[in-house]
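Subject: Structure handover

Hi,

Here is the structure I promised you. My notes follow it.

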Amino acid sequence: MAEFTSKSYFDFLEEGRIMGSKCMSCGTVHLPPRPICHDCGATEMEWTELGGEGVVQAVTVINVPLSKMEGRCPYAVAVVKLDDCPSISGLVHGVKEGGELSIGDRVVAEFVKEGDKTTLCFRSS
Amino acid sequence: MRGVGVRLSREIAIIGAGMTRFHHKLHADKTSRELFVKAALEARGSVDNGFELPEVEALFVGNFSSDAFEGQIHMAALAADWLGICPRAATRVEDACASSGVAMNVASMAIASGAYDIVMVGGVEKMRGLRTEEVTDTLAMAADAVYEVGAGFTFPGLFAALASAHFAKHGSNWEQLAAISIKNHHNGALNPKAHFQSEIMETARKLGERNDMTFEDELEFLRSPLNPVIAHPLRLFDCCPVSDGAAVLILAAGDVARKFTDTPVYIRGIGQASDTLALHDRVDLTTMNAAKIAAAQAYEIAWVKAKDIDVADVHDCFTIAELLATEDLGFFPKGEGGLAAENGRTALDGDVTVNPDGGLKAKGHPIGATGAAMAYEIFKQLRGEAGRHQVDDVEYGLTHNMGGSGATVSVQVYGR
Ligand SMILES: [Zn+2]
(Lines give C-alpha, C1' and ligand atoms only; values in the text may rest on other atoms or scores of the structure.)
Protein backbone atom coordinates (compact mmCIF):
# COMPACT_ATOMS: atom_id res chain seq x y z
CA MET A 1 0.00 0.00 0.00
CA ALA A 2 1.18 3.53 -0.80
CA GLU A 3 2.47 5.51 2.19
CA PHE A 4 0.36 8.41 3.47
CA THR A 5 2.64 11.12 2.06
CA SER A 6 2.42 14.12 -0.24
CA LYS A 7 4.15 12.02 -2.93
CA SER A 8 1.30 9.49 -2.86
CA TYR A 9 -1.30 12.29 -2.81
CA PHE A 10 0.14 13.90 -5.96
CA ASP A 11 0.62 10.51 -7.65
CA PHE A 12 -3.12 9.84 -7.16
CA LEU A 13 -3.99 13.32 -8.50
CA GLU A 14 -1.97 12.39 -11.59
CA GLU A 15 -4.42 9.50 -12.06
CA GLY A 16 -7.35 11.90 -11.59
CA ARG A 17 -8.22 10.62 -8.12
CA ILE A 18 -8.57 12.55 -4.84
CA MET A 19 -7.37 10.16 -2.17
CA GLY A 20 -7.40 10.82 1.57
CA SER A 21 -6.45 8.74 4.58
CA LYS A 22 -9.29 7.32 6.70
CA CYS A 23 -8.72 6.52 10.35
CA MET A 24 -9.51 2.83 10.91
CA SER A 25 -10.32 3.56 14.53
CA CYS A 26 -12.72 6.53 14.40
CA GLY A 27 -13.44 6.88 10.69
CA THR A 28 -12.21 10.48 10.35
CA VAL A 29 -11.06 11.25 6.80
CA HIS A 30 -7.94 13.36 6.28
CA LEU A 31 -7.17 15.32 3.14
CA PRO A 32 -4.30 15.73 2.40
CA PRO A 33 -3.57 12.24 3.72
CA ARG A 34 -1.70 12.05 7.03
CA PRO A 35 -0.44 9.11 9.06
CA ILE A 36 -1.71 10.15 12.53
CA CYS A 37 -5.42 10.83 13.11
CA HIS A 38 -6.22 14.46 13.91
CA ASP A 39 -9.17 13.40 16.01
CA CYS A 40 -8.25 10.30 18.01
CA GLY A 41 -4.49 9.94 17.56
CA ALA A 42 -4.70 6.46 16.06
CA THR A 43 -2.06 5.48 13.53
CA GLU A 44 -3.88 2.80 11.51
CA MET A 45 -5.08 4.37 8.27
CA GLU A 46 -6.57 3.19 4.99
CA TRP A 47 -6.91 5.00 1.67
CA THR A 48 -10.30 6.36 0.72
CA GLU A 49 -11.35 8.02 -2.53
CA LEU A 50 -13.22 11.31 -2.31
CA GLY A 51 -15.65 12.87 -4.78
CA GLY A 52 -14.61 16.16 -6.35
CA GLU A 53 -17.68 18.23 -5.50
CA GLY A 54 -17.78 20.76 -2.73
CA VAL A 55 -18.68 24.17 -1.48
CA VAL A 56 -16.58 27.35 -1.06
CA GLN A 57 -15.72 28.03 2.59
CA ALA A 58 -13.35 30.98 2.11
CA VAL A 59 -12.15 32.70 -1.04
CA THR A 60 -9.96 35.46 -2.40
CA VAL A 61 -8.93 36.82 -5.78
CA ILE A 62 -5.21 37.49 -5.86
CA ASN A 63 -3.70 40.47 -7.68
CA VAL A 64 -0.15 40.35 -6.32
CA PRO A 65 1.09 36.84 -7.07
CA LEU A 66 3.83 34.48 -6.04
CA SER A 67 6.67 34.59 -8.55
CA LYS A 68 5.59 31.24 -10.02
CA MET A 69 2.14 32.70 -10.76
CA GLU A 70 3.39 35.92 -12.38
CA GLY A 71 1.36 36.97 -15.41
CA ARG A 72 -1.69 34.94 -14.32
CA CYS A 73 -3.42 37.53 -12.12
CA PRO A 74 -6.09 38.01 -11.12
CA TYR A 75 -6.75 34.44 -10.02
CA ALA A 76 -9.08 33.00 -7.40
CA VAL A 77 -8.00 30.63 -4.61
CA ALA A 78 -10.43 29.07 -2.18
CA VAL A 79 -10.74 26.77 0.77
CA VAL A 80 -13.26 24.20 -0.44
CA LYS A 81 -15.23 21.87 1.82
CA LEU A 82 -15.70 18.62 -0.09
CA ASP A 83 -19.11 17.00 0.27
CA ASP A 84 -17.65 13.79 1.69
CA CYS A 85 -15.76 15.50 4.54
CA PRO A 86 -12.50 17.41 4.65
CA SER A 87 -11.54 20.80 3.22
CA ILE A 88 -8.69 21.57 0.86
CA SER A 89 -7.18 24.64 -0.83
CA GLY A 90 -7.14 25.11 -4.58
CA LEU A 91 -7.25 27.52 -7.49
CA VAL A 92 -10.75 28.15 -8.80
CA HIS A 93 -10.86 28.58 -12.56
CA GLY A 94 -13.26 30.82 -14.41
CA VAL A 95 -13.28 33.58 -11.76
CA LYS A 96 -11.71 36.90 -12.72
CA GLU A 97 -13.15 39.60 -10.48
CA GLY A 98 -13.69 39.58 -6.73
CA GLY A 99 -17.27 38.88 -5.76
CA GLU A 100 -18.10 36.53 -8.63
CA LEU A 101 -17.42 33.60 -6.37
CA SER A 102 -19.05 33.64 -2.95
CA ILE A 103 -18.98 31.61 0.21
CA GLY A 104 -21.39 28.73 -0.22
CA ASP A 105 -21.01 28.50 -4.01
CA ARG A 106 -20.62 24.98 -5.38
CA VAL A 107 -17.44 23.98 -7.19
CA VAL A 108 -16.16 20.82 -8.81
CA ALA A 109 -12.61 19.45 -8.97
CA GLU A 110 -10.31 19.75 -11.97
CA PHE A 111 -6.96 18.02 -12.27
CA VAL A 112 -4.46 20.38 -13.83
CA LYS A 113 -1.14 19.11 -15.10
CA GLU A 114 1.68 21.64 -15.35
CA GLY A 115 5.16 20.39 -16.06
CA ASP A 116 5.54 17.13 -14.21
CA LYS A 117 3.07 17.96 -11.43
CA THR A 118 -0.70 17.60 -11.26
CA THR A 119 -2.53 19.91 -8.87
CA LEU A 120 -6.08 19.90 -7.58
CA CYS A 121 -8.04 22.89 -8.85
CA PHE A 122 -11.74 23.69 -8.96
CA ARG A 123 -14.30 25.20 -11.31
CA SER A 124 -17.59 26.91 -10.49
CA SER A 125 -20.41 24.39 -11.00
CA MET B 1 -7.55 19.70 22.94
CA ARG B 2 -6.77 22.03 25.87
CA GLY B 3 -3.51 23.94 25.90
CA VAL B 4 -0.99 23.35 28.63
CA GLY B 5 -0.08 26.54 30.49
CA VAL B 6 3.22 27.44 32.06
CA ARG B 7 3.74 28.30 35.73
CA LEU B 8 6.14 31.13 36.45
CA SER B 9 8.04 30.30 39.61
CA ARG B 10 9.92 33.61 39.79
CA GLU B 11 8.95 37.18 39.01
CA ILE B 12 10.16 38.36 35.60
CA ALA B 13 10.83 42.04 35.05
CA ILE B 14 11.70 44.13 32.02
CA ILE B 15 14.38 46.60 33.08
CA GLY B 16 15.28 48.12 29.70
CA ALA B 17 14.06 48.30 26.12
CA GLY B 18 15.30 49.68 22.82
CA MET B 19 14.32 49.57 19.18
CA THR B 20 15.43 51.04 15.88
CA ARG B 21 12.90 52.96 13.88
CA PHE B 22 11.18 50.51 11.54
CA HIS B 23 11.65 51.62 7.94
CA HIS B 24 12.04 50.50 4.34
CA LYS B 25 14.91 52.83 3.34
CA LEU B 26 16.54 54.18 6.47
CA HIS B 27 18.52 51.00 7.17
CA ALA B 28 19.54 50.25 3.57
CA ASP B 29 23.21 50.45 4.60
CA LYS B 30 22.89 48.10 7.58
CA THR B 31 22.81 44.33 8.06
CA SER B 32 20.79 42.49 10.70
CA ARG B 33 23.69 42.31 13.14
CA GLU B 34 24.11 46.09 13.01
CA LEU B 35 20.39 46.71 13.51
CA PHE B 36 20.36 44.33 16.48
CA VAL B 37 23.41 46.03 18.05
CA LYS B 38 21.75 49.44 17.59
CA ALA B 39 18.59 48.32 19.40
CA ALA B 40 20.63 46.56 22.12
CA LEU B 41 22.68 49.69 22.82
CA GLU B 42 19.47 51.71 23.16
CA ALA B 43 18.11 49.07 25.55
CA ARG B 44 21.32 49.26 27.59
CA GLY B 45 21.06 53.05 27.73
CA SER B 46 17.43 52.85 28.91
CA VAL B 47 18.27 51.00 32.15
CA ASP B 48 17.79 53.64 34.86
CA ASN B 49 20.71 52.77 37.12
CA GLY B 50 23.09 51.77 34.32
CA PHE B 51 23.78 48.44 32.65
CA GLU B 52 26.80 46.84 31.01
CA LEU B 53 26.36 44.31 28.19
CA PRO B 54 28.53 41.60 29.87
CA GLU B 55 25.88 41.46 32.63
CA VAL B 56 23.72 39.60 30.08
CA GLU B 57 23.84 35.89 30.97
CA ALA B 58 22.06 34.56 27.90
CA LEU B 59 20.71 35.90 24.62
CA PHE B 60 17.55 34.91 22.72
CA VAL B 61 16.99 36.28 19.21
CA GLY B 62 13.79 36.02 17.19
CA ASN B 63 14.44 35.91 13.47
CA PHE B 64 12.12 34.79 10.66
CA SER B 65 14.42 34.26 7.73
CA SER B 66 17.76 36.00 7.54
CA ASP B 67 18.47 32.80 5.56
CA ALA B 68 16.36 33.96 2.61
CA PHE B 69 16.66 37.71 3.16
CA GLU B 70 20.41 37.97 3.70
CA GLY B 71 21.96 34.55 3.06
CA GLN B 72 22.87 34.44 6.76
CA ILE B 73 21.71 32.00 9.40
CA HIS B 74 23.09 31.59 12.94
CA MET B 75 21.79 35.04 13.85
CA ALA B 76 21.93 34.64 17.66
CA ALA B 77 25.60 33.75 17.90
CA LEU B 78 26.36 36.48 15.37
CA ALA B 79 24.51 39.01 17.54
CA ALA B 80 26.33 37.80 20.68
CA ASP B 81 29.59 38.14 18.80
CA TRP B 82 28.92 41.73 17.74
CA LEU B 83 27.58 42.66 21.18
CA GLY B 84 30.90 41.43 22.59
CA ILE B 85 29.23 39.01 25.01
CA CYS B 86 30.67 35.68 23.84
CA PRO B 87 30.80 33.04 25.31
CA ARG B 88 27.25 33.68 26.61
CA ALA B 89 24.69 31.16 25.36
CA ALA B 90 22.90 32.54 22.29
CA THR B 91 19.77 30.95 20.86
CA ARG B 92 17.80 31.80 17.73
CA VAL B 93 14.04 31.29 17.86
CA GLU B 94 12.07 30.86 14.62
CA ASP B 95 8.28 30.60 14.73
CA ALA B 96 7.56 32.60 11.59
CA CYS B 97 6.13 36.05 12.39
CA ALA B 98 5.84 35.11 16.08
CA SER B 99 9.59 34.49 16.43
CA SER B 100 10.41 37.18 18.96
CA GLY B 101 7.10 36.88 20.83
CA VAL B 102 7.99 33.25 21.39
CA ALA B 103 11.58 34.29 22.20
CA MET B 104 10.08 36.51 24.96
CA ASN B 105 8.37 33.44 26.42
CA VAL B 106 11.51 31.30 26.14
CA ALA B 107 13.56 34.05 27.82
CA SER B 108 10.94 34.37 30.58
CA MET B 109 11.04 30.63 31.19
CA ALA B 110 14.85 30.72 31.22
CA ILE B 111 14.64 33.15 34.15
CA ALA B 112 11.70 31.40 35.83
CA SER B 113 13.61 28.11 35.75
CA GLY B 114 16.40 29.67 37.78
CA ALA B 115 18.93 29.07 35.02
CA TYR B 116 19.64 32.79 34.58
CA ASP B 117 19.00 36.06 36.43
CA ILE B 118 19.49 38.46 33.51
CA VAL B 119 18.78 37.75 29.85
CA MET B 120 18.61 39.79 26.68
CA VAL B 121 15.82 39.00 24.24
CA GLY B 122 15.04 40.64 20.95
CA GLY B 123 14.32 40.22 17.31
CA VAL B 124 15.57 41.46 13.99
CA GLU B 125 14.73 41.35 10.29
CA LYS B 126 16.34 42.97 7.29
CA MET B 127 13.83 42.45 4.48
CA ARG B 128 14.46 45.13 1.90
CA GLY B 129 17.39 43.39 0.21
CA LEU B 130 14.96 41.39 -1.95
CA ARG B 131 12.57 42.34 -4.77
CA THR B 132 8.84 42.48 -3.94
CA GLU B 133 8.05 39.12 -5.61
CA GLU B 134 10.92 37.51 -3.71
CA VAL B 135 9.61 38.98 -0.45
CA THR B 136 6.14 37.59 -1.32
CA ASP B 137 7.68 34.14 -1.89
CA THR B 138 9.66 34.31 1.37
CA LEU B 139 6.63 35.39 3.44
CA ALA B 140 4.61 32.54 1.95
CA MET B 141 7.09 30.11 3.54
CA ALA B 142 5.19 30.71 6.80
CA ALA B 143 2.17 28.95 5.31
CA ASP B 144 1.95 25.27 4.30
CA ALA B 145 4.39 25.24 1.39
CA VAL B 146 3.00 22.07 -0.20
CA TYR B 147 -0.75 22.32 0.26
CA GLU B 148 -1.47 26.08 0.52
CA VAL B 149 1.30 27.88 -1.34
CA GLY B 150 1.34 24.95 -3.76
CA ALA B 151 -2.35 25.62 -4.34
CA GLY B 152 -1.66 29.27 -5.22
CA PHE B 153 -2.23 31.06 -1.90
CA THR B 154 -0.05 34.05 -1.11
CA PHE B 155 0.28 35.22 2.49
CA PRO B 156 -2.09 38.18 1.99
CA GLY B 157 -4.37 35.73 0.14
CA LEU B 158 -4.76 33.56 3.26
CA PHE B 159 -5.85 36.55 5.35
CA ALA B 160 -8.15 37.71 2.57
CA ALA B 161 -9.77 34.27 2.64
CA LEU B 162 -10.16 34.56 6.44
CA ALA B 163 -11.80 37.96 5.91
CA SER B 164 -14.25 36.45 3.40
CA ALA B 165 -15.25 33.80 5.93
CA HIS B 166 -15.68 36.35 8.75
CA PHE B 167 -17.71 38.69 6.54
CA ALA B 168 -20.01 35.83 5.51
CA LYS B 169 -20.54 34.38 8.98
CA HIS B 170 -20.61 37.51 11.13
CA GLY B 171 -21.70 40.27 8.77
CA SER B 172 -18.50 42.27 9.25
CA ASN B 173 -17.33 44.35 6.29
CA TRP B 174 -14.41 46.06 4.60
CA GLU B 175 -15.38 49.49 5.99
CA GLN B 176 -14.67 48.10 9.48
CA LEU B 177 -11.24 46.98 8.28
CA ALA B 178 -10.67 50.48 6.89
CA ALA B 179 -11.48 51.91 10.34
CA ILE B 180 -8.66 49.78 11.79
CA SER B 181 -6.24 51.06 9.15
CA ILE B 182 -7.25 54.70 9.73
CA LYS B 183 -6.84 54.31 13.51
CA ASN B 184 -3.43 52.65 13.22
CA HIS B 185 -2.12 55.31 10.82
CA HIS B 186 -3.39 57.98 13.22
CA ASN B 187 -1.42 56.35 16.06
CA GLY B 188 1.65 55.83 13.88
CA ALA B 189 1.67 59.55 13.12
CA LEU B 190 2.33 60.09 16.85
CA ASN B 191 5.17 57.55 17.07
CA PRO B 192 8.70 58.60 16.08
CA LYS B 193 9.73 54.93 15.74
CA ALA B 194 6.98 54.15 13.22
CA HIS B 195 7.61 53.29 9.57
CA PHE B 196 4.68 55.50 8.43
CA GLN B 197 4.17 58.67 10.45
CA SER B 198 1.30 60.26 8.60
CA GLU B 199 -2.48 60.23 8.84
CA ILE B 200 -4.19 58.53 5.92
CA MET B 201 -5.72 61.88 4.79
CA GLU B 202 -2.21 63.33 4.55
CA THR B 203 -1.15 60.43 2.31
CA ALA B 204 -4.39 60.81 0.34
CA ARG B 205 -3.67 64.49 -0.31
CA LYS B 206 -0.07 63.80 -1.38
CA LEU B 207 -0.91 60.88 -3.67
CA GLY B 208 -4.00 62.73 -4.93
CA GLU B 209 -1.94 65.77 -5.99
CA ARG B 210 0.43 63.54 -7.94
CA ASN B 211 -2.48 61.82 -9.68
CA ASP B 212 -4.76 64.83 -10.12
CA MET B 213 -7.37 63.49 -7.74
CA THR B 214 -9.02 64.91 -4.62
CA PHE B 215 -10.65 63.01 -1.79
CA GLU B 216 -13.40 64.13 0.60
CA ASP B 217 -12.49 61.64 3.30
CA GLU B 218 -10.41 58.56 4.09
CA LEU B 219 -12.95 56.08 2.74
CA GLU B 220 -13.13 57.80 -0.64
CA PHE B 221 -9.34 57.52 -0.93
CA LEU B 222 -9.26 53.96 0.38
CA ARG B 223 -11.89 52.91 -2.20
CA SER B 224 -9.95 54.58 -5.04
CA PRO B 225 -7.51 52.96 -7.49
CA LEU B 226 -4.71 54.62 -5.48
CA ASN B 227 -5.38 51.91 -2.89
CA PRO B 228 -5.18 48.85 -5.14
CA VAL B 229 -6.63 45.45 -4.26
CA ILE B 230 -3.85 43.05 -3.23
CA ALA B 231 -6.04 40.03 -2.51
CA HIS B 232 -9.78 40.67 -2.52
CA PRO B 233 -11.15 42.12 -0.22
CA LEU B 234 -7.81 43.32 1.16
CA ARG B 235 -6.28 46.43 -0.38
CA LEU B 236 -2.82 47.93 0.03
CA PHE B 237 -3.85 49.88 3.15
CA ASP B 238 -5.10 46.65 4.74
CA CYS B 239 -1.55 45.24 4.61
CA CYS B 240 1.47 46.04 6.75
CA PRO B 241 4.54 47.32 4.91
CA VAL B 242 7.84 45.52 4.40
CA SER B 243 10.30 47.03 6.88
CA ASP B 244 13.78 46.62 8.33
CA GLY B 245 14.40 46.91 12.05
CA ALA B 246 15.26 45.42 15.42
CA ALA B 247 13.97 45.55 18.98
CA VAL B 248 15.63 44.40 22.22
CA LEU B 249 14.51 43.94 25.84
CA ILE B 250 16.58 43.29 28.94
CA LEU B 251 14.83 40.95 31.39
CA ALA B 252 15.80 40.33 35.00
CA ALA B 253 14.51 38.11 37.77
CA GLY B 254 12.26 40.04 40.15
CA ASP B 255 14.76 39.74 43.01
CA VAL B 256 17.55 41.47 41.06
CA ALA B 257 15.48 43.90 38.94
CA ARG B 258 15.30 46.60 41.63
CA LYS B 259 19.08 46.97 41.50
CA PHE B 260 18.67 48.34 37.97
CA THR B 261 15.47 50.39 38.20
CA ASP B 262 12.78 51.52 40.61
CA THR B 263 10.14 51.12 37.90
CA PRO B 264 10.47 47.69 36.31
CA VAL B 265 7.59 46.35 34.25
CA TYR B 266 6.62 42.81 35.21
CA ILE B 267 5.65 40.04 32.82
CA ARG B 268 2.72 38.70 34.84
CA GLY B 269 1.63 35.93 32.51
CA ILE B 270 2.67 34.19 29.33
CA GLY B 271 0.88 31.86 26.96
CA GLN B 272 1.58 30.09 23.72
CA ALA B 273 -0.34 27.72 21.50
CA SER B 274 -0.20 26.15 18.05
CA ASP B 275 -2.75 25.39 15.37
CA THR B 276 -2.72 23.66 12.00
CA LEU B 277 -0.56 25.48 9.47
CA ALA B 278 -3.13 25.10 6.72
CA LEU B 279 -6.39 27.01 7.05
CA HIS B 280 -8.24 24.15 5.33
CA ASP B 281 -7.47 21.88 8.30
CA ARG B 282 -9.31 24.14 10.79
CA VAL B 283 -12.86 23.71 12.01
CA ASP B 284 -13.67 27.43 12.18
CA LEU B 285 -12.16 29.97 9.78
CA THR B 286 -13.46 32.97 11.73
CA THR B 287 -11.41 32.48 14.88
CA MET B 288 -7.75 31.88 15.74
CA ASN B 289 -7.90 29.04 18.23
CA ALA B 290 -4.22 29.43 19.19
CA ALA B 291 -4.87 33.05 20.20
CA LYS B 292 -7.81 32.06 22.41
CA ILE B 293 -5.78 29.36 24.16
CA ALA B 294 -2.58 31.42 24.54
CA ALA B 295 -4.59 34.32 25.97
CA ALA B 296 -6.48 32.06 28.40
CA GLN B 297 -3.14 30.72 29.69
CA ALA B 298 -1.62 34.19 30.11
CA TYR B 299 -4.74 35.58 31.83
CA GLU B 300 -4.85 32.64 34.25
CA ILE B 301 -1.20 32.99 35.27
CA ALA B 302 -1.49 36.78 35.61
CA TRP B 303 -4.78 36.55 37.56
CA VAL B 304 -6.48 38.98 35.21
CA LYS B 305 -9.39 38.91 32.80
CA ALA B 306 -9.64 40.32 29.29
CA LYS B 307 -11.63 43.29 30.62
CA ASP B 308 -8.71 44.25 32.90
CA ILE B 309 -6.42 44.95 29.92
CA ASP B 310 -6.01 48.69 29.28
CA VAL B 311 -3.64 48.61 26.32
CA ALA B 312 -2.71 45.87 23.86
CA ASP B 313 -0.29 45.50 20.99
CA VAL B 314 -1.81 42.89 18.68
CA HIS B 315 -0.53 41.32 15.48
CA ASP B 316 -2.23 43.30 12.69
CA CYS B 317 -0.17 42.05 9.75
CA PHE B 318 -3.47 42.63 7.94
CA THR B 319 -6.42 44.66 9.23
CA ILE B 320 -8.56 41.50 9.44
CA ALA B 321 -5.94 40.04 11.82
CA GLU B 322 -6.51 42.89 14.30
CA LEU B 323 -10.27 42.38 14.06
CA LEU B 324 -9.87 38.65 14.79
CA ALA B 325 -7.36 39.27 17.61
CA THR B 326 -9.63 41.70 19.46
CA GLU B 327 -12.34 39.03 19.46
CA ASP B 328 -10.13 36.02 20.20
CA LEU B 329 -8.36 37.81 23.09
CA GLY B 330 -11.80 38.37 24.63
CA PHE B 331 -11.93 42.17 24.31
CA PHE B 332 -15.16 41.91 22.31
CA PRO B 333 -17.65 39.10 21.62
CA LYS B 334 -17.10 37.07 18.43
CA GLY B 335 -18.46 38.99 15.47
CA GLU B 336 -18.27 42.41 17.17
CA GLY B 337 -14.59 43.26 16.69
CA GLY B 338 -15.15 45.22 13.50
CA LEU B 339 -17.99 47.25 14.93
CA ALA B 340 -15.93 47.99 18.04
CA ALA B 341 -13.11 49.38 15.88
CA GLU B 342 -15.55 51.43 13.82
CA ASN B 343 -17.02 52.89 17.03
CA GLY B 344 -13.61 53.97 18.36
CA ARG B 345 -13.55 51.47 21.22
CA THR B 346 -9.94 50.48 20.35
CA ALA B 347 -8.68 54.06 19.85
CA LEU B 348 -6.16 55.82 22.11
CA ASP B 349 -9.05 56.96 24.33
CA GLY B 350 -11.17 53.81 23.85
CA ASP B 351 -12.23 51.03 26.27
CA VAL B 352 -9.13 49.05 25.40
CA THR B 353 -6.48 50.79 23.31
CA VAL B 354 -5.23 48.50 20.56
CA ASN B 355 -1.91 49.24 18.83
CA PRO B 356 -1.23 52.71 20.25
CA ASP B 357 2.13 52.63 18.44
CA GLY B 358 0.48 52.26 15.03
CA GLY B 359 0.58 48.47 14.98
CA LEU B 360 2.26 46.50 12.26
CA LYS B 361 0.16 48.49 9.80
CA ALA B 362 1.83 51.84 10.45
CA LYS B 363 4.76 51.05 12.75
CA GLY B 364 6.04 48.42 10.29
CA HIS B 365 6.72 44.71 10.46
CA PRO B 366 10.35 43.58 10.27
CA ILE B 367 9.03 40.11 10.95
CA GLY B 368 11.44 38.70 13.51
CA ALA B 369 11.52 42.01 15.43
CA THR B 370 7.77 42.42 15.83
CA GLY B 371 7.07 40.50 19.06
CA ALA B 372 9.93 42.28 20.83
CA ALA B 373 8.82 45.66 19.49
CA MET B 374 5.37 45.02 20.95
CA ALA B 375 6.96 44.41 24.36
CA TYR B 376 9.00 47.60 23.92
CA GLU B 377 5.76 49.54 23.42
CA ILE B 378 3.98 48.05 26.44
CA PHE B 379 7.10 48.64 28.59
CA LYS B 380 6.94 52.33 27.62
CA GLN B 381 3.16 52.51 28.12
CA LEU B 382 3.33 51.01 31.63
CA ARG B 383 6.09 53.43 32.62
CA GLY B 384 4.22 56.42 31.18
CA GLU B 385 7.05 57.02 28.71
CA ALA B 386 5.22 56.47 25.41
CA GLY B 387 5.18 60.15 24.52
CA ARG B 388 2.49 61.50 22.22
CA HIS B 389 0.68 58.15 21.95
CA GLN B 390 0.67 57.52 25.73
CA VAL B 391 -2.57 55.97 26.98
CA ASP B 392 -4.00 57.30 30.28
CA ASP B 393 -4.15 55.19 33.46
CA VAL B 394 -2.51 52.00 32.22
CA GLU B 395 -2.49 49.21 34.79
CA TYR B 396 -2.31 46.10 32.61
CA GLY B 397 -0.88 45.66 29.10
CA LEU B 398 -0.91 42.73 26.68
CA THR B 399 1.05 41.64 23.62
CA HIS B 400 -0.22 39.19 21.00
CA ASN B 401 2.27 37.98 18.39
CA MET B 402 1.08 35.60 15.66
CA GLY B 403 3.04 33.33 13.34
CA GLY B 404 1.82 32.57 9.83
CA SER B 405 -1.95 32.60 9.57
CA GLY B 406 -2.34 31.72 13.24
CA ALA B 407 -0.40 28.45 13.58
CA THR B 408 1.66 30.01 16.38
CA VAL B 409 0.45 32.61 18.85
CA SER B 410 2.27 33.95 21.88
CA VAL B 411 0.64 36.22 24.44
CA GLN B 412 2.15 38.15 27.33
CA VAL B 413 0.37 40.09 30.08
CA TYR B 414 2.26 42.91 31.81
CA GLY B 415 1.76 44.90 34.99
CA ARG B 416 3.70 47.22 37.23
ZN1 LIG C 1 -9.23 8.60 14.47
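Chain B has an average pLDDT of 96, with 99% of its residues scoring at least 70. This is a predicted model. For the complex, the predictor reports an ipTM of 0.96 and a pTM of 0.97.

Helix packing in chain B

Look at helix 1 (residues 32–46) and helix 3 (residues 75–83) of chain B. Their axes come within 9 Å and cross at roughly 55°.

Helix 1 of chain B brings S32(B), R33(B), F36(B), V37(B) and A40(B) to the contact. From helix 3 of chain B come M75(B), L78(B), A79(B), W82(B) and L83(B). By class, the contact residues of the pair are eight nonpolar, one polar and one charged.

Helix 1 of chain A

Now the other chain. Helix 1 of chain A spans residues 6–14. Which of its residues are buried? They are S8(A), Y9(A), F10(A), F12(A) and L13(A).

What covers them? From chain A, the cover includes strand 1 (18–23), strand 3 (45–50), strand 6 (87–93), strand 7 (106–114) and strand 8 (117–124). Chain B also takes part: helix 6 (145–149) of chain B is included in the cover.

Best wishes

Conventions
Residues numbered from 1 in each chain as written. Chains lettered and ligands numbered in written order. Predicted model: local features only at pLDDT ≥ 70, side-chain atom pairs only at ≥ 80, totals over all residues. Heavy atoms only, no water. Axes fitted to C-alpha atoms, helices over the stretch in contact; angles between N-to-C directions. Helix = DSSP H or I, 4+ residues; strand = E, 2+ residues; numbered from the N terminus. Contact = heavy atoms within 4.5 Å. Nonpolar A, V, L, I, M, F, W, Y, C, P; charged D, E, K, R; others polar. pLDDT = per-residue confidence, 0-100. Buried < 20%, exposed > 50% of the residue type's maximum accessible area, 1.4 Å probe, protein only.
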